[in-house]
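Let's take a walk through this structure together. Have a look at the picture first, and then we'll go through who touches whom.

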Amino acid sequence: MAVSSLAGIDEFQLVEQARKRDATAFNELVRRYEGKIFRLAQHVTQNREDAEDVLQETFLKAYEHLDQFKGDSKFYTWIVRIAVNQALMKLRRRKTDKSVSLDETIDTGEDTVTREVAAWDENPEQRFSREELGGILDSAIEGLEPLYRSVFVLRDIEELSTEETAEALGLSIPAVKSRLLRARLQLREKLTRFFKRKGDDAFAYM
Amino acid sequence: MLTCKDFLHELSEYLDETIDAELRAKLERHITECPNCWVIADTTRKTIKIYKGMEQCQIPADVESRLMKALEKKIAAKSH
């Protein structure tokens, strides 16, 4: 791709040009966000093949519907919303996740899970190799409900604000906050099995 | 008096530092008196930190090239 001449151009201008069907401008937008969208799709679908489909569908849809992008939010937030919808649709098609929907009301009560309370070392992740750590972190995320997973990935991995996450997922701000809290606590619970300080091992059977 | 349940309810915003000073002071007092909540706050903070520190993987070249091909096709179809 010959994009170097566009690399410094701001996003607003690129979107304007892409709207006029300037393929080079659109390709530059793709280049800026493809890595993030692919990573996001992998986190939500937990499957590389599905993630690649989601990546393609996201940018094809974005190109197709560029005239519907109002410019009152960031382009990135807009494509994240497309990507999350595509990813959740993939999950819904899989038999194991029959009822994943953005609009679905799920129990967001505050009866949060804190069964295992054990202190960790300061940097417990250093006990593991990079591959082991990656495996631990991925499998912990995989164990979350897709909606908690999506909120956690957007807020704590992609580092979107609460407002941007709400917009991308079509959720209210309180819903984002309560799901984030639950996702964080559930991950904490799962990681405690690996990261708890040696010697405080009251749960060795787990 | 703040209960453990109240503390957990505010935990995310406490860790994100998006609460006012008065509430923050109450929460901090609670964790000096409640070892369980201290551990939960500390390990949740570490959980977030570990995920934020995850390496960003580059998009694999084959995945990118298939994406670009699919886009080219789309763009060509749209311009006819």
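In chain A, 12 residues of domain 1 are in contact with 13 residues of domain 2. Keep in mind that you're looking at a predicted model.

Now let's zoom in on the side of domain 1 of chain A that touches domain 2 of chain A. Two helices, α2 (23–45) and α4 (75–93), each give at least two residues to that side. Which one gives the largest share? That's α4(A), with six residues. If you sort the residues on this side of domain 1 by class, you get six nonpolar, four polar and two charged ones.

Next, step back and bring in chain B. Here, 33 residues from chain A meet 29 residues from chain B. On chain A's side of this contact, at least two residues each come from α2, α3 (48–64), α6 (146–157) and α8 (173–195). The largest share of chain A's side facing chain B belongs to α8(A), which brings nine residues.

What about the classes on that side of chain A? The residues touching chain B split into 18 nonpolar, five polar and 10 charged.

Note on methods: Residues are numbered from 1 along each chain as its sequence is written. Chains are lettered from A and ligands numbered from 1 in the order in which they are written. This is a predicted model: local features need pLDDT of at least 70, side-chain atom pairs count only at pLDDT 80 or more; totals for chains, interfaces and linings use all residues. Two residues are in contact if their C-beta atoms, placed from the backbone, lie within 7 Å. Helices (H or I, at least four residues) and strands (E, at least two) are DSSP runs, numbered from the N terminus. Ala, Val, Leu, Ile, Met, Phe, Trp, Tyr, Cys and Pro count as nonpolar, Asp, Glu, Lys and Arg as charged, and the others, Gly among them, as polar.
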